[in-house]
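Please look over the sequence and the model shown here before reading on. The questions that follow go from the overall fold to individual residues.

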Amino acid sequence: MKCPKCCLSKSKVVDSRINAPKRPKMGWQYWVKKASKSFDWYTPDWRARRRVCKDEGCGHRFMTIEITVDDLTDALTDAAQNGFNET
Ligand SMILES: [Zn+2]
């Protein structure tokens, strides 16, 4: 995946997690908790990946969430019909 900041260099995965910790600390675990808010409302079946740009001058860190196409399609259809569940 290309870096969204410099749009030139590829990124590498530096960590990968499935579940959010119950008591997240600042840093990576905090971001997993944030990721869980993005998709846990629909399914617990997602994986968060912490990525870093391979370009040393850039070094941008960002995170992606991986879910199945079926889950994404169903979730977006559900959200379009019923709105997002914000509980
Ligand atoms: Zn970059």
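Q: How many helices and strands does the protein chain have, and which pattern do they follow along the sequence?
A: In this predicted model, the protein chain holds 2 helices and 3 strands. Read along the sequence, these elements give the pattern β-α-β-β-α.

Q: In which order do the strands of the open sheet lie?
A: The sheet is open, consists of 3 strands and has antiparallel pairing. Its edge strands are β1 and β3, each of which pairs on one side only, while neighbouring strands are turned by 30° against each other on average, with direction ignored. The order of the strands is therefore, given that two strands pair if DSSP finds at least two bridges between them, β1-β2-β3.

Q: Which residues of β3 stand opposite arginine 47 and alanine 48?
A: Strand β3, made up of residues 61-66, pairs with β2 in the antiparallel sense over 6 bridges. Arginine 47 stands opposite glutamate 66 in β3, and the bridge partner of alanine 48 in β3 is isoleucine 65. In a regular strand the side chains alternate between the two faces of the sheet. The two residues asked for are glutamate 66 and isoleucine 65.

Q: What percentage of the contacts with a separation of 6 or more comes from residues 24 or more positions apart?
A: The count concerns contacts in the protein chain between residues with a separation of 6 or more. Within that set, residues 24 or more positions apart account for 56%.

Q: What percentage of the 87 residues in the protein chain is buried?
A: A residue is buried if 20 or more other C-beta atoms lie within 10 Å of its own. Of the 87 residues in the protein chain, the buried ones make up 11%.

Q: Is cysteine 7, with its positive phi, buried or exposed?
A: Cysteine 7 lies in the segment before β1, and its phi is near 60°, a positive value in a residue other than glycine. Because 9 other C-beta atoms lie within 10 Å and a residue with 12 or fewer is exposed, cysteine 7 is exposed.

How values were computed
Residues are numbered from 1 along each chain as its sequence is written. This is a predicted model: local features need pLDDT of at least 70, side-chain atom pairs count only at pLDDT 80 or more; totals for chains, interfaces and linings use all residues. Helices (H or I, at least four residues) and strands (E, at least two) are DSSP runs, numbered from the N terminus. Two residues are in contact if their C-beta atoms, placed from the backbone, lie within 7 Å. Axes are lines fitted to C-alpha atoms, for helices over the stretch in contact, and angles run from 0 to 180 degrees between N-to-C directions.
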